[in-house]
Amino acid sequence: MRRVFGVKKDKEPPPTVEDASNRITKRGDSVDEKIKKLDIELSRYKEQIRKTRPGPAQEAVKARAMRVLKQKRMYEGQRDMLYNQTFNLDQVAFASEGIKDAQQTMSALKSANKELKGMMKTVKIQDIDSLQDEMMDLMDVSNEIQETLGRSYNVPDDIDEDDLLDELDALESDMGMESEAGVPSYLQPDKESDLEELNLPSAPTGHAAPAGRTNAQADDELGLPAVPHASIRS
């Protein structure tokens with residue numbers, strides 16, 4: 001039967017846009033090579049026309065140059081047509097690739113949508129709200145515990161901050177007076193009368209008294225001048 005009817009041949013797959021574009025590009029490159037050869041030939045004819053004198057020889061060279069120029073124009077038209085076809089194929093390929101990208105994007109979106117729906121079934125807003133409330137309560141309890149543990153002992157609660165600030169200002173002023181006078185405030189007298197009561201004798205200078213001079217007044221056991229006793233008259 002195969003000998004009578006033969007074997008059915010498999011159909012070749014139709015060419016793709018990329019295959020057609022590559023084929024036309026190769027044809028355009030071939031036409032460009034032909035145009036370059038004609039340019040070289042035209043430049044040679046131009047040099048011959050420039051060197052020859054006017055006459056039959058120059059006319060013959062011009063005729064050959066005109067023939068080459070016509071071929072060049074024909075090839076240039078073919079090249080432009082091929083370039084237009086390549087441009088159209090590129091536009092079709094771009095549109096085809098855009099459709100493929102859109103299909104892939106839609107497929108990815110559908111898959112992501114299905115996955116998100118499945119995930120949303122396991123996550124509920126009410127559970128999230130209740131979890132957030134529990135976390136806030138736990139944080140409040142933790143802050144209260146930290147404040148309780150950080151509380152100082154034996155510190156009265158009724159201390160006025162204004163009184164503390166006044167006391168701090170007074171302490172700073174006392175420190176300033178000490179730095180100016182050179183004497184601590186607790187050793188300075190509060191009043192001028194106290195200064196008069198603390199009228200102590202000056203420290204000895206270290207110089208010995210003259211040999212011929214005697215003490216007119218005795219000292220007590222503390223080394224201070226003794227107070228003279230009033231004489232009792234009979």
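**Entry 1: a first pair**

I began with Asp39, which forms a salt bridge with Lys72. The closest N and O atoms of Asp39 and Lys72 are 2.6 Å apart. This pair links distant parts of the chain, with Asp39 in helix 2 and Lys72 in helix 3, 33 residues apart. I note here that the model is a predicted one.

Asp39 is partly exposed, at a relative accessible area of 32%. Lys72 has 18% relative accessibility, so I count Lys72 as buried, since buried means under 20%.

**Entry 2: the whole chain**

I stepped back to see the fold. The protein chain has six helices and zero strands. Along the sequence I read the pattern α-α-α-α-α-α.

How much of the protein chain is buried? I found that buried residues make up 8% of its 234 residues. The chain exposes about 22000 Å². Carbon and sulfur atoms supply 56% of that area.

Residues 24 or more positions apart account for 54% of them.

I then counted salt bridges, and the structure holds four. One of them joins Asp32 and Arg79. Their closest N and O atoms are 3.3 Å apart. Asp32 lies in helix 2 and Arg79 in helix 3, so this pair ties together parts that are 47 residues apart in sequence.

Is Asp32 buried or exposed? Asp32 counts as buried, at 16% relative accessibility. Arg79 is partly exposed, with a relative accessible area of 22%.

I moved to Glu47 and Arg50. Their side chains meet in a salt bridge, 2.3 Å from N to O. Both residues lie in helix 2. They are three residues apart, about one turn of the helix.

Arg50 counts as exposed, at 60% relative accessibility. Glu47 is partly exposed, with a relative accessible area of 32%.

Which residues are linked with Glu47 in a network of salt bridges? I found Arg50 and Lys51 there.

I looked at Ser43, which has its place in helix 2, residues 17–51. Ser43 counts as partly exposed, at 42% relative accessibility. I then turned to the C-alpha atoms of Ser43 and Ala65, which are separated by 9.1 Å. Ser43 and Ala65 are 22 residues apart along the chain.

Gln58 came next. I find Gln58 in helix 3, residues 56–122. Gln58 is buried, with a relative accessible area of 11%.

What does Gln58 contact, leaving aside its neighbours within four places in sequence? I noted Ile49, Thr52 and Arg53.

**Entry 3: a charged patch**

Last, I went to the surface. A patch of negative charge gathers Asp127, Asp129, Asp133, Glu134, Asp137, Asp140, Glu144 and Glu147 there.

Glu147 is found in helix 4, residues 125–149. At 58% relative accessibility, Glu147 counts as exposed, because exposed means over 50%.

Notes
Residues are numbered from 1 along each chain as its sequence is written. This is a predicted model: local features need pLDDT of at least 70, side-chain atom pairs count only at pLDDT 80 or more; totals for chains, interfaces and linings use all residues. Side-chain values use heavy atoms; hydrogens and water are left out. Patches are made of residues with over 30% relative accessible area and no salt bridge: like charges are joined within 9 Å, nonpolar side chains (Val, Leu, Ile, Met, Phe, Trp, Tyr) within 5 Å. Accessible areas come from the Shrake-Rupley method with a 1.4 Å probe; for residues, only the protein chains shown count as cover. Lys and Arg count as positive and Asp and Glu as negative; His and the chain ends are not counted. The place of a charge is taken as NZ of Lys, CZ of Arg, CG of Asp or CD of Glu. Helices (H or I, at least four residues) and strands (E, at least two) are DSSP runs, numbered from the N terminus. Buried means under 20% relative accessible area, exposed over 50%, partly exposed in between (1.4 Å probe, protein chains only). Contact means heavy atoms within 4.5 Å.
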